[in-house]
Amino acid sequence: MSHIVKELRAREGLAKMETAKDTVHHDVVLEADRDDDTPALSSHALEALKEFLAEQNGALAEASSAAAVEQQAEDDVALVTEDWRLSQFWYDRETAETVAAEVLALCRSIDSPAVACIACPTLYAYLKKTDPNVQAQLLEYDKRFEQYGSEFTFYDYNQPEDLPSSLKHSYPIIVADPPYLSRECLEKVAQTISFLMRPGQPYLLLLTGEVQMDRASELLGLHPCVFRPHHSSKLGNEFRLFTNYDPGMRLGGWEQA
């Protein structure tokens, strides 16, 4: 009797081995009977492959994103931290690049160009980044910008003409961004502009709040442009760009009433 039981168990083990063999064969060569020449992966192997490819794609995406962030950091201009006590709000990158491009276009249109940047260090930094050879002077209250060396001049709008005599009537292009939205501040900045203006037809650009529109027209004969400046810190006041010349197609042109 025992020999019969042994024989049955032997046959059962053989059957299990054949089943395992068939399973392995099926995993490696799925649906081989449909195409004798084309091996295929099992569903388990396909899932593993998909997971591997997803991981690889994720790694590539992360690497690409990191490279984009690094490139963005290289393209942006490094500035000191805004000091809200001094009413400092830096332009966002689009605004800084747009205004810098406009100023450089003006520089190319005249002989002996020189730019005075009144209380707009963001613009100065982007001008020098775009064209390191541009002649530009930053007039600024914040002495942290003394890092710019001889191209920095301390400026307090409360003393609008307390400036080196070498700057007087030296600039055919002047860009101003008064620190405050008061009539008094704009009037004193206008005095500074008159001090700096080179005789002839200087180009004036003023970046300030929309509430100053009538005063900008009255004091400096400026008109609003279609282009709207923005800041890295979102401000509640609507800002505008005003010029004393028609920029044509640039800056969206003058805004039509």
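This is a predicted model: local features need pLDDT of at least 70, side-chain atom pairs count only at pLDDT 80 or more; totals for chains, interfaces and linings use all residues.
Student: Is T95 buried or exposed, and which residues does T95 touch beyond its neighbours in sequence?

Tutor: A residue is called buried under 20% relative accessible area, exposed over 50%, and partly exposed in between (1.4 Å probe, protein chains only). T95, with a relative accessible area of 1%, is buried. Contact means heavy atoms within 4.5 Å, and once residues up to four places away in sequence are set aside, T95 touches F227, R228, P229 and H230. The C-alpha atoms of T95 and P229 are separated by 5.3 Å, although these two residues are 134 residues apart along the chain.

Student: How should I read the overall composition, and how many helices and strands are there?

Tutor: The protein has six helices and seven strands, and from the N terminus on they run α-α-α-β-α-β-β-β-α-β-α-β-β. Of its 257 residues, 36% count as buried. Among contacts between residues at least 6 apart in sequence, 64% join residues at least 24 apart. The protein exposes about 15400 Å², of which carbon and sulfur atoms supply 53%; accessible areas come from the Shrake-Rupley method with a 1.4 Å probe, and for residues only the protein chains shown count as cover.

Student: In what order do the strands lie in the sheet?

Tutor: Two strands pair if DSSP finds at least two bridges between them. Here seven strands form an open sheet with mixed pairing, in the order β3-β2-β1-β4-β5-β7-β6. β3 (152-154) and β6 (223-224) stand at the edges with a single partner strand each, so one side of each is left without a neighbour in the sheet.

Student: Which residues of β4 are bridge partners of C117 and V115?

Tutor: Strand β1 (residues 115-118) pairs with strand β4 (residues 173-176) in the parallel sense over four bridges; the partner of C117 is V175, and that of V115 is I173. β4 and β5 also pair in the parallel sense over four bridges, with Y203 as the partner of I173 and L206 as the partner of A176. I173 and V175 point one way from β4, whereas I174 and A176 point the other way, and all are buried. Six of the seven residues of β5 are buried, so β5 is largely enclosed by the rest of the structure.

Student: What is a nonpolar core, and which residues have the most contacts inside the largest one?

Tutor: In soluble globular proteins, nonpolar side chains tend to be buried together. A nonpolar core is a set of buried Ala, Val, Leu, Ile, Met, Phe, Trp, Tyr and Cys residues joined through side-chain atoms within 4.5 Å. The largest has 30 residues, and those with the most contacts inside it are V103, V115, C117, L123 and L127. At least two residues of this core come from each of α3 (93-108), β1, α4 (121-130), β2 (136-140), β4 and β5 (203-209), and α3 gives the most, with seven. Leaving aside its neighbours within four places in sequence, V103 is in contact with V115, L123, L127, I173 and V175. A second, separate core of 24 residues includes A114, L139, Y171 and L220.

Student: How many residues does helix α5 have, and what covers its buried residues?

Tutor: The expected span of a helix is 1.5 Å times one less than its number of residues. Helix α5 (residues 183-196) has 14 residues and reaches 20 Å from its first C-alpha to its last, close to the 20 Å expected at 1.5 Å a residue. Its buried residues include C185, L186, V189, I193 and L196, and what covers the buried residues of α5 includes β1, β2, β4, β5 and α6 (213-220).

Conventions:
Residues are numbered from 1 along each chain as its sequence is written. Side-chain values use heavy atoms; hydrogens and water are left out.
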